[in-house]
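Hi everyone, thanks for coming along.

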Amino acid sequence: MIKVKKRKFLLLPGDGIGPEVIGEVKKIINWFNKNKSLDFEIEEELVGGASYEKNGTPITDEVFYKALESEAVILGAVGGPKWDDLEFSKKPERALLKLRKELKLFANLRPAICFKQLVDASSLKPDLISDLDILFVRELTGGIYFGEPRGIKPIDNGERKGINTHVYTSSEIERVARVAFDLARKRSKKVTSCEKSNVMEAGQLWKEEVKTLHEKEYKDIELKHMLADNCAMQLVRYPKQFDVIVTDNLFGDMLSDEAAMLTGSLGLLPSASLGAKDKNGNMRSLYEPVHGSAPDIAGNGIANPIATILSFAMALKYSLDLDKESNNLEKAVQSVLDEGLRTKDILSKGTKEVSTSEMGDAIISKLQ
Ligand code: NAD
């Protein structure tokens, strides 16, 4: 068998159900290594509360540098009541913020996928969301959450003034739009760009820069501009009109949460955060489920590992260009759901309850 080059993953299981769901990803990576001669190299390190307990910090410099050198970081979840009262710099969540910021992960990818087997979990009519597959590309390091000036200041009449600044530069817009167009080329070649160009100058610039890039380099992609408030309505009216949606940090935060809820359970939602490509085409990336550490069910072996497994499938596709393997993994998840196997969080009448590890094993058996 021909061996391909070694690909390095850093696994950061974290806290709560993190180690349980990452454990299932580990089994899948080992399966790929054994059966598909994909020579994945994995390292595993502590992060979050687990790291704080051992090292007094939510992420050590050593682990941080390992993250910088990995082709992809796969994180479980961090946090839990045990660490709620720690000072801000020691809180488990600081590890995640540090990774996102220092790895310069400016593009947050959140798919809103509705498996037809789980349509009943949605609040929308089944025919509107069955087989829904939208990919959100949210700008993650700019816009109103980071813009200066900001703060709360006293003003003359004894009142106070709260200030945040919505600011984007051309290059910040262009690099995230490029990610969206490139991803659309791997999908249905349709991008919807959302802003509020009718009332905001930064929105006007957003629209112009996306349009210019499209005309210069991505004429093969169908581009539509949509006002963000209209997008919020269209998502519940007829969500299947969308393929890739690219938008800024603020609108992306809200619209991707809205779309995620169309699809039902938290245990099924993966995410990816991507940085810029270097001159060799490599990029920094972090993959993680949308859910948290679920301390209420940790240690019981009932957590749903699908969100983390689908996050790994995203890593195969977006960081390693292994589209075939990624699609096979997604199909394996579908087949298991088709057979009626469910973890407790998505259990419904007529389906069979399985544990975290039985779900992982069933998915692996479909890969065979
Ligand atoms: P949560 O996502 O951990 O849990 C919310 C609810 O969903 C819980 O009832 C939980 O049991 C359930 N749930 C979540 N994931 C599940 C899964 N895979 N399978 C089955 N059920 C699942 O959110 P929370 O309770 O608000 O937060 C708990 C802790 O997680 C907090 O410390 C919070 O700060 C942290 N958190 C971390 C991240 C992250 O690491 N990215 C994200 C969100 C919250």
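Let's start with a question: how far is an oxygen atom of the ligand from a polar backbone atom of Gly292? The value is 2.7 Å. Do keep in mind that this is a predicted model, so please take the distances as computed ones.

At Ser293, a polar backbone atom sits 3.1 Å from an oxygen atom of the ligand. At Gly80, a backbone N or O atom is 3.0 Å from a ligand oxygen. As for burial, the ligand on its own exposes 810 Å², and the protein buries 67% of that.

Next, the largest pocket. It holds about 760 Å³ of space. Its lining has 29 residues, with Ala276, Lys277, Gly281, Asn282 and Met283 closest to the centre. Which element gives the most to that lining? That would be H6, with five residues. Among the others that each supply at least two are strand S1 (7-14) and helix H3 (61-69), and strands S11 (270-277) and S12 (283-289) do as well.

The lining of this pocket includes 15 charged residues, along with nine nonpolar and five polar ones. Both domain 1 (1-106 + 275-368) and domain 2 (116-264) contribute at least three residues each to the lining.

Thanks, and I'm happy to go back to any view.

Definitions and conventions
Residues are numbered from 1 along each chain as its sequence is written. This is a predicted model: local features need pLDDT of at least 70, side-chain atom pairs count only at pLDDT 80 or more; totals for chains, interfaces and linings use all residues. Side-chain values use heavy atoms; hydrogens and water are left out. A polar contact is a pair of N or O atoms within 3.5 Å; within protein, one must be able to donate a hydrogen and the other to accept it, and residues adjacent in sequence count only if both atoms are side-chain atoms. Accessible areas come from the Shrake-Rupley method with a 1.4 Å probe; for residues, only the protein chains shown count as cover. On a 1 Å grid over the protein atoms alone, a cavity is a set of points where a 1.4 Å probe fits but cannot get out, and a pocket is an open set with protein on both sides within 12 Å along at least five of seven lines; lining residues have an atom within 4 Å of a point. Grid points are joined across faces, edges and corners, and a volume is the space filled by probe spheres set on the points. Helices (H or I, at least four residues) and strands (E, at least two) are DSSP runs, numbered from the N terminus. Ala, Val, Leu, Ile, Met, Phe, Trp, Tyr, Cys and Pro count as nonpolar, Asp, Glu, Lys and Arg as charged, and the others, Gly among them, as polar. Domain bounds come from an automatic or database domain assignment.
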